Amino acid sequence: MSYLDNILICVDCGGDVAVSSQIRCIECGRVYIKKDGIIESLPTKMNELSALEAKYHDNFEEDALQVHQLNSLRVRSLHEYVWNKLRKFKKRSRFLEIGAGSCFDAKQLENDYELTLTDISANSLRKAKKELIKTRNYLAADGLNLPFRENGFDAVYMIAVLHHFVDPTPVIKQIERVLKSGGTFIAGIEPNYLFFSAINKNRDQLCKATHMQDKDVSQADAEMMGFKSRDFYRLFDSKYWHKPIIKANWFLSGFVHYGLEFLFRSMRLKKRIKLPLFLEKVFYFIDSMLLSLSPFKKACWHWTVVVEKK
């Protein structure tokens, strides 16, 4: 029996879930389907944006490694910061990932930690499951309504996911509920309001220039405006959380990354432009220097937030 069998709750009524020949809520009687190793635990009633996100990610095909250039130094370094924070936990600690997507991060952690992966899209999890070896717990779940009892995880993390919620406050409440005291929450690679609000306001022109249609972008990404650093201090109530560590990510690297993506799409190139490693290292070094200075921190492209629960 997996430890997951002892911490599941019903997302519709909050009742205990019994796991035997079927996964069933003792209180309301809802039966949860487990298909291809994925427990489908989305609420019966979801808000409109969550429903649109589930549909989009269930049907949209993309190679995350290529689209997001995950193996480039500039992108991988952002993920490595999160991995290194999580690797400070003792082996076999229990981690929850919200919005597991392509499982890029789970691949780096599954050998040493007991992972539970959730995503709004069951199909995304099915693809991820094929890439992973040791991970056993997969749930199609909404971050607004996590199907777990209190204090079940040593760490919770999400990468480029928090901005997908219209109001992140209830998501943080859910994370506070399922995270153990002394546990760590990490929100990695969240957009800075400075740049992404401008992108949002000029979205129609940018879509036209890059030959993109509404179906090519999730509704959450289309609507989001990004975060100001002070937003994170407001999110984490000092009654439940210690003061968050807020790391600024990318200055020059952001212009390079999104500039190259603009060229790829606007010029309809067959392949994305990859920078030579020495140039990646130059930009990485310059950014490390610039982002140590307060004015440049405010002009970063992304934030990564690390916060410990009291």
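The lining of the largest cavity divides into eight nonpolar residues, one polar and no charged. Nonpolar here covers Ala, Val, Leu, Ile, Met, Phe, Trp, Tyr, Cys and Pro; charged covers Asp, Glu, Lys and Arg; the others, Gly among them, are polar. The residues that line the cavity are L8, I9, V17, I23, Y32, I39, S41, L139 and P147. About 50 Å³ of space lies inside. The structure holds one cavity of 30 Å³ or more.

A word on the source. This is a predicted model, where local features need pLDDT of at least 70 and side-chain atom pairs count only at pLDDT 80 or more, while totals for chains, interfaces and linings use all residues. Residues are numbered from 1 along each chain as its sequence is written, and side-chain values use heavy atoms, with hydrogens and water left out.

How do we find empty space? Rolling a probe the size of a water molecule over the atoms shows where it is left. The search runs on a 1 Å grid over the protein atoms alone. A cavity is a set of points where a 1.4 Å probe fits but cannot get out. A pocket is an open set with protein on both sides within 12 Å along at least five of seven lines. Lining residues have an atom within 4 Å of a point. Points are joined across faces, edges and corners, and a volume is the space filled by probe spheres set on the points.

Now the second largest pocket. About 340 Å³ of space lies in it. Of its 19 lining residues, the closest to the centre are K247, A248, N249, Y284 and S288. Helices (H or I, at least four residues) and strands (E, at least two) are DSSP runs, numbered from the N terminus. Helix α3 gives the largest share, seven residues. By class, the lining has seven nonpolar, six polar and six charged residues.

On to the sheet. Nine strands form an open sheet, with mixed pairing, in the order β4-β5-β8-β7-β6-β9-β10-β12-β11. Two strands pair if DSSP finds at least two bridges between them. Which strands stand at the edges? They are β4 (34–35) and β11, each with a single partner strand, so one side of each is left without a neighbour in the sheet. Strand β4 pairs with β5 (residues 38–40) in the antiparallel sense, over two bridges. There, K35 has I38 in β5 as its bridge partner.

Next, strand β9, residues 153–159. Seven of its seven residues are buried, so β9 is largely enclosed by the rest of the structure. Buried means under 20% relative accessible area, exposed over 50%, and partly exposed in between, with a 1.4 Å probe and protein chains only. Three bridges join β9 to β6 (residues 94–98), and the two run parallel. F95 stands opposite A155 in β9. With β10 (residues 179–191), β9 pairs in the parallel sense over six bridges. M158 has A187 in β10 as its bridge partner. Together, β9, helix α6 (residues 169–178) and β10 make a right-handed β-α-β unit. Right-handed means that, with the strands pointing away from the viewer, the path from the first strand over the helix to the second runs clockwise.

Now the aromatic rings. Rings of Phe, Tyr and Trp (its six-membered ring) pair if their centres lie within 6.5 Å. Planes under 30 degrees apart count as stacked, over 60 as edge-to-face, and the rest as tilted. The count comes to 17 aromatic pairs. Take F185 and F236: ring centres 6.1 Å apart and planes at 50°, so the pair is tilted. F185 is in β10, F236 in the loop between α10 (229–235) and β11, 51 residues apart. F185 is buried at 0% relative accessibility, and F236 is buried at 5%. F236 also pairs with W241, edge-to-face, 5.3 Å centre to centre and 75° between the planes. W241 is buried too, at 3% relative accessibility. Elsewhere, ring pairs link F195, F196, W250, F251, F255, Y258, F296 and W301 into a cluster.

Last, the backbone. Most residues other than glycine have a negative phi. Q69 has a positive phi of about 45°. Q69 sits in the loop between α2 (64–67) and α3. Is Q69 buried or exposed? At 9% relative accessibility, Q69 counts as buried. N151 has a positive phi as well, near 60°. N151 lies in the loop between β8 (137–140) and β9. At 43% relative accessibility, N151 counts as partly exposed.
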